[in-house]
Amino acid sequence: MSTRIAFLKGHGTENDFVIIPDPDNAIELPPAAVAALCDRRAGIGGDGLLHVVRSAAHPEARHLADRAEWFMDYRNGDGSVAEMCGNGVRVFARYLQRAGHVGEGDLAVATRGGVKTVHIAKAESGGDITVAMGKAQLPEGDVTVSVGDHRWPARNVNMGNPHAVVFVDDLSEAGHLYDPPPFSPASAYPDGVNVEFVAPRGERHVAMRVHERGAGETRSCGTGACAVAVAAARKDGVDPAVTGASAIYTVDLPGGRLVITERPDGEIEMTGGAVIVAEGEIASEWLETVLP
C-alpha cells in the first residue's frame, strides 16, 4: 500500500464502527487488517468495520446492483465476514447521507443478508433512521444456552444471521459475555451465534445484553434487538400475522434505545439514531506493520 486510506468512525446506539469508503472496491482488507483497525488500543477501535462499496464493483453484490447502488461489505471486529448488522446499516446510511450520495427519504442498501430498505427521517423530526430488516425465521428445535452453572432454554431466531434469545430475571445473570456463551446442540449454529439475554421492563418493553459473534459483548445489536422483539412477542402470545395488528416493542440496550415494529405481513422495522463522530486517514505505513 502506497497511499493513505480515508476512514470515518460512527456508531448506532453505541454499536461502533470503522467506516472505509471504497466505491470502486480498490482497497484490500484482509481479516488481519480489519482486526487491527478495530483494536481499541492499537487501532482505531470498533465493534466492526463498514466497507462502503458500489454493488457493481463487488463480486458478492453485482447481482444486486440493479436494486441497490451501495453494498455494505460488513466485517466483525475479529476480521470475519458477517451477513448483516442492523446498527451498521443505519450508520452506513448516515455516512452515505454525509458524503452527499443520498438525501433524506428512502434508499436501498445491499448486504449479504439481502437488500435492505432504509428511510432517513428529516432532521426536524429527529433524523432517526428506520431499516426494513426483513422477516424473522423461527427454526424448530430445542436450544440451550449456559453461563457457568446456569442453563436456560433459548428461542432460535434468524434475522439473516443467527440469534439465540434467552429470557432471564436479571441481566447480571449473563455474566461478563466476553466469551461466547456455550450452547447446545452444536448443530443448531454451525457457524456460531449471537446470544441475547433479555429482562422485562414493562408492557412491550424489554432490556437486553448481547454477545455478538466475532465481537464479544457490544453496547448494541440491531439484528439482535429485532430477534429479541420477535421472541418477546411470541412469549407474550403476540403474533401480528394472527392479530392483524403491528406489534411495537421498545428495546433498551446498554448503548441506547431501539424501537422495533413487526407488521402483520411479517416484515420488521427498526428505528434508532446513527452518528458520525470522526474522520481522518489511516497511515499505510502502519497498516503494513500489522499485516502478516
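## Terms and basis

A residue is called buried when its relative accessible area is under 20%, exposed when over 50%, and partly exposed in between (1.4 Å probe, protein chains only). A salt bridge is a side-chain nitrogen of Lys or Arg within 4 Å of a carboxyl oxygen of Asp or Glu. Helices (H or I, at least four residues) and strands (E, at least two) are DSSP runs, numbered from the N terminus.

The model is predicted: local features need pLDDT of at least 70, side-chain atom pairs count only at pLDDT 80 or more, and totals for chains, interfaces and linings use all residues. Residues are numbered from 1 along each chain as its sequence is written, and side-chain values use heavy atoms, with hydrogens and water left out.

## R54 and E69

The whole structure contains 17 salt bridges. In one of them, R54 pairs with E69 at 3.0 Å between the closest N and O atoms. R54 belongs to strand β3 (residues 48-54) and E69 to the loop between β3 and β4 (70-76), so the pair ties together parts 15 residues apart in sequence. R54 is partly exposed at 31% relative accessibility, and E69 is partly exposed at 43%.

## R112 and D73

R112 forms a salt bridge with D73, with 2.6 Å between the closest N and O atoms. R112 sits in the loop between β5 (105-111) and β6 (114-120), and D73 in strand β4, 39 residues apart. D73 is buried, at 1% relative accessibility, whereas R112 is partly exposed at 22%.

The closest N and O atoms of the R234 and E262 salt bridge are 2.7 Å apart. With R234 in helix α3 (residues 222-235) and E262 in strand β16 (residues 256-262), the pair therefore ties together parts 28 residues apart in sequence. E262 is buried, at 8% relative accessible area.

Salt bridges with shared partners also join K9, D16, R40 and D47 into one network.
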